[in-house]
Amino acid sequence: MSEKKDKDAKPKKKGGGMMLKIGAAGALLAVGGGGAYGLVAAGIIGGGGHGEEHEDKNPKLIKKGEEDPYAPAPKEGGHGEEGGGGHEVDGEGGSEYRTAYFSFTDDFTSNLKDSDMLVQVSLACSTHRDYRVILWLQKHELAIRSALLTAIADTPGEEVQSAEGKARLQKRLVATINKVLNDTEGFGGVDAVYFKTFIVQ
């Protein structure tokens, strides 16, 4: 009988030892994995510099009174020019952001969709972002003009005869410009489009 007890006791010890080893290995893996995760999250291992990857390099909103690092230097001898001494003065009310404008050099003339009507418009647009948006508008004016002409030609004739229709057209033109800028520069930034002239024949 004592032999039976000895045989029964040995496997129990062996199984308990194996479970202890597996548990210890699991604990070491958990501690090691947690430690590795902590080191990666802290940027100590795994390449580090995660803050630099998330830096937003897109054009920034410029508040009134802030300096725009991308704006051209003011012209010397601004005195006597139209508008006074050449200093920009912002009002205290309205938007908290500065508005910069860009006017397209030539008018846009196009037929309208499913109509015999012809429209001729002069356009300008604005941004609250830094001057890079204006530089991109200048740089890609040809591509933007082409896209705008396509959008205008896709406008039904009845839409340009109401204020609501013209407002919808303006929103579509903003989206059209921003799509070209997104495709070419990776960022849009145009907030609004304005009709300087709008002639329907």
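**Ground rules.** I worked from a predicted model, where local features need pLDDT of at least 70, side-chain atom pairs count only at pLDDT 80 or more, and totals for chains, interfaces and linings use all residues. Residues are numbered from 1 along each chain as its sequence is written, and side-chain values use heavy atoms, with hydrogens and water left out.

**Whole chain.** I looked up the elements and found five helices and four strands. I took these as DSSP runs numbered from the N terminus (helices are H or I, at least four residues; strands are E, at least two). Along the sequence I read the pattern α-α-β-β-β-α-α-α-β. Of the 201 residues, 26% count as buried; buried is under 20% relative accessible area, exposed over 50% and partly exposed in between, with a 1.4 Å probe and protein chains only. I also checked contacts (heavy atoms within 4.5 Å). Among those with a separation of 6 or more, 73% come from residues 24 or more positions apart.

**Strand S1.** Which residues of S1 lie on its covered face? In this strand, residues 100–103, I found Ala100 and Phe102 on the covered face, with Tyr101 and Ser103 on the uncovered one. S1 runs antiparallel to strand S3 (residues 118–127), and four bridges join the two; pairing asks for at least two DSSP bridges between strands.

**Serine 122.** I stayed in S3 for this residue. Is serine 122 buried or exposed? It counts as buried because its relative accessibility is 8%. Its side chain makes a polar contact of 3.1 Å with that of aspartate 107 and another of 2.6 Å with that of threonine 197. For such a contact I needed a pair of N or O atoms within 3.5 Å; within protein, one must be able to donate a hydrogen and the other to accept it, and residues adjacent in sequence count only if both atoms are side-chain atoms. Beyond four places in sequence, serine 122 touches Asp107, Tyr194, Phe195, Lys196 and Thr197.

**Helices H4 and H5.** The axes of H4 (residues 141–153) and H5 (residues 163–185) come within 9 Å and cross at roughly 145 degrees. I used lines fitted to C-alpha atoms over the stretch in contact, with angles from 0 to 180 degrees between N-to-C directions. From H4, I noted Ala143, Ile144, Ala147, Leu148, Ala151 and Ile152 in the contact; from H5, Arg172, Leu173, Thr176, Ile177, Val180 and Leu181.
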